[in-house]
Amino acid sequence: MNTILEIRNVNKSFYQKPALTNLSLKVQKGEIFGVMGPNGAGKTTLIRIINRIFSPDSGSVRFDGDLMVDRDLYHIGYLPEERGLYRNMTVEAQAMFLARIRGLSKSDAKVKIDYWFDRFDINDWRKKRVEELSKGMAQKIQFICAVLHEPKLLILDEPFSGFDPVNVELIKQELSEMRAAGKTIMLSTHNMKSVEEICDRAVLIDQSRKIAEGSISELQDAQKSGLIAVRFQGNMIAFVNALWTGFVVEDKIILGDNRFEVHLAVRGESSFDDLLKVLMGHVKIEAVWEMRPSMQDVFIQLVQPKKEEDEK
Amino acid sequence: MKNSWLIAVREWRERVSSRSFIMLSVIGPLIVLGMVYVMFALGGQSKQHWNVLIADPGGIMNNKIMPQIDNSVTYAFADGYIEVDEFRDAKKYQKFDALLEVNEKVLSNKTGFVFYREKPSVRMQTRVHYQFERRLEEIVVKEFTKMSLSKFRSIKQPINVTFADVNDPEDEANDLSGWAGFFFGTLIFLFIFLFGMTVLRSVSREKSNRIVEVLLASVSPFQLMRGKIMGIGMSAFLQFVIWISIIGAGLYFMRENIFPDVMDASNINIEQLTLDANDASYQESYYAAREYNEFVNLVYERVEFGTILGFFILFFIGGYLFYSSIFAAIGATMGSESDGQQFVIPIVIVLCLSLYAGYYVMNNPETQMATFLHYFPFTAPVVVMVKLSQGYEVGHAYEIYVAFFVLIVSAFISLLIAARLYKNGILQFGHRLRIKHLFKWLKST
């Protein structure tokens with residue numbers, strides 16, 4: 001059983017306005033799973049349903065193979081988009097309280113607090129009140145409080161918004177290490193670069209519906225344009241002549257020192273291998289690659305047409 | 001329940017370690033003790049001084065009234081008649097506080113009239129009455145008997161007639177008892193108000209600092225609300241115990257060390273006082289004791305603290321649950337920490353009305369309205385305290401249990417309604433709370 005979380009045909013609406021429509025998805029153990037979508041798409045509603053803050057109108061949520069129950073929340077860590085701490089509590093008391101309501105015993109909580117405070121080198125802050133901390137320091141505490149009980153599944157809603165760049169890097173590194181340790185991470189974000197960098201798979205939600213799900217490369221492949229990029233040194237006319245009728249130049253970038261990067265569309269039955277054959281001997285090829293869209297492009301391509309349709 | 005308990009303990013710790021809790025724990029009971037002290041102390045040491053003009057056209061009193069100087073009253077005599085209007089307006093009489101009119105038939109009709117500018121204290125009235133009466137006794141003894149004054153006074157025994165209610169022959173339900181109940185009712189009001197507002201602030205703060213979503217991922221909204229109400233209620237209870245301990249210790253200390261003579265009715269020996277009537281300082285303590293003995297008696301003897309405290313705790317719990325769930329619901333539905341005042345004010349007004357209801361029932365215990373207020377959950381906690389100290393009629397003690405049952409059922413319903421509003425409102429931010437929101441969230445499952 002590799003699936004840790006399975007959402008089946010979940011529907012949720014608020015006062016007749018749908019927030020999620022017939023949504024299904026699977027999150028595999030040990031992966032970093034991205035939840036993407038424009039504002040108001042239903043990402044936070046989905047996350048709140050997984051955290052049992054909301055209950056779905058219909059459909060089911062299965063955790064580790066079984067229908068999810070309250071006790072499963074002890075195996076989930078959650079860092080919401082709108083996050084905060086008790087301002088007049090000490091850092092240690094706060095961590096202890098949040099660890100206890102996540103099901104840890106007092107002695108276990110103490111061991112975990114010692115471990116994480118050592119790991120983030122924040123032992124000096126133990127007795128400080130949260131109101132005395134800087135925003136960056138508070139962000140570290142928030143993250144620690146979400147992972148303190150070592151959850152099987154960590155859910156992060158917009159984890160990089162509001163965090164300073166140093167903390168963003170720190171958290172990315174922690175997430176990678178957690179994945180290596182077999183933990184599953186689900187993150188909802190607008191930051192497509194982060195999705196591309198750290199996610200294994202992702203789902204794209206728009207206007208309460210799932211519009212795509214798959215590995216990052218699958219999502220990119222589905223939206224790829226079929227263009228091939230070639231970087232070479234030599235004569236541009238010789239290059240164009242060599243292409244003959246199999247390929248058409250779509251775009252070119254002059255790099256200097258008689259070097260060019262050209263984007264080619266493929267015609268008819270021509271293949272990647274054909275291109276290499278026709279060019280060899282005419283120009284000095286530095287690199288050839290199949291052009292893939294960035295996740296930013298994937299996002300825009302999938303969301304934009306739907307919006308245009310709606311506007312019509 | 002474990003999660004609610006963890007939340008309750010956190011709330012309790014936060015409250016108990018706050019400066020305002022510690023201040024209120026010390027200052028509150030000290031203010032109450034200070035008020036009791038002032039009531040006792042001022043009674044014995046009143047410095048009110050009166051200038052009394054005695055109009056004695058018949059010369060009956062022979063320009064004499066007291067053999068020794070009384071520091072509280074100075075008498076002057078006038079020979080002729082003085083009209084009340086003249087006394088009131090004439091410049092030469094302005095230095096006098098009162099006019100004692102001694103008519104020529106006073107020895108037969110035994111009546112004097114005192115016209116005052118400002119109403120004197122009961123003590124002053126008693127004093128003037130007493131001194132006038134004693135001077136007339138001297139005259140009567142001299143005019144109509146052959147016995148000595150001391151012999152006359154040893155024979156003279158006042159006949160007291162006490163009017164008593166057949167249902168309450170011990171007069172346990174007099175006004176002062178009602179006031180004691182009203183004091184406890186005010187205490188309940190104060191605690192519900194202070195700690196109800198604490199619930200509201202705590203909920204809205206949790207919402208505005210956004211920790212609430214982290215909590216809701218581990219506990220249900222109902223568990224969160226229940227824990228919060230429990231924790232703050234526990235701190236209120238602790239505060240109450242501190243208040244009662246300090247006030248109890250303070251009253252004991254006062255009785256044993258500061259006012260041992262005034263506090264004990266057995267210290268007053270009327271016969272001895274009669275013989276030593278000329279001793280002004282002794283009279284002073286006699287008057288003080290006579291006036292304040294009732295209050296002392298009330299505080300130390302008549303109020304059944306055990307019973308009242310027992311029911312105080314029950315009705316405080318019921319009233320607190322009832323009101324704090326309303327406060328919690330308002331806190332949860334507010335769009336920001338400063339929002340929602342328009343919904344807080346009506347609740348505070350209702351709470352204040354409950355205080356007035358207590359006052360009303362104290363003065364009109366037998367009316368239908370009083371019966372209604374006794375069972376009405378918004379007013380019951382205060383009103384029951386007043387009724388309890390006034391005493392229930394024989395065979396009607398069950399009424400207090402019925403009131404408690406109604407209050408607990410109402411608190412339960414209030415909790416259910418509040419839980420729904422809490423659940424649907426707690427994750428709504430940035431709006432301006434309107435009545436339509438409340439209806440919408442109430443209807444939503």
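Q: Are B:Glu11 and B:Arg15 buried or exposed?

A: Buried means under 20% relative accessible area, exposed over 50% and partly exposed in between, with a 1.4 Å probe and protein chains only. By that scale, both B:Glu11 and B:Arg15 are buried. This is a predicted model, in which local features need pLDDT of at least 70 and side-chain atom pairs pLDDT 80 or more, while totals for chains, interfaces and linings use all residues. Residues are numbered from 1 along each chain as its sequence is written, chains are lettered from A and ligands numbered from 1 in the order written, and side-chain values use heavy atoms, without hydrogens and water.

Q: In what do the side chains of B:Glu11 and B:Arg15 meet?

A: Side chains of opposite charge can pair when their charged atoms come close. The criterion for a salt bridge is a side-chain nitrogen of Lys or Arg within 4 Å of a carboxyl oxygen of Asp or Glu. B:Glu11 and B:Arg15 form such a bridge, at 2.7 Å from N to O. Because they are four residues apart in helix α1 of chain B, about one helical turn separates them. Helices (H or I, at least four residues) and strands (E, at least two) are DSSP runs numbered from the N terminus. A network of salt bridges links B:Glu11 and B:Arg15 with B:Arg10, B:Glu14, B:Glu206 and B:Lys228.

Q: What area do chain B and chain A bury between them?

A: The size of an interface is often given as the accessible area lost when the parts come together. Here buried area (1.4 Å probe) is that loss summed over both parts. The two chains bury about 2,200 Å², 58% of it on carbon and sulfur atoms. B:Arg10, B:Glu213 and B:Ala217 supply 25% of the area that chain B buries against chain A, more than any other three residues. In terms of contact (heavy atoms within 4.5 Å), 20 residues of chain B touch 24 of chain A.

Q: Which residues have the most contacts inside the largest nonpolar core?

A: In soluble globular proteins, nonpolar side chains tend to be buried together. A nonpolar core is a set of buried Ala, Val, Leu, Ile, Met, Phe, Trp, Tyr and Cys residues joined through side-chain atoms within 4.5 Å. The largest has 166 residues, and A:Leu5, A:Leu46, A:Leu175, A:Met186 and B:Met385 have the most contacts inside it. Helix α13 (residues 305–333) of chain B gives the most to this core, with 14 residues. Another core, of 17 residues, lies apart from it and includes B:Val73 and B:Leu100.
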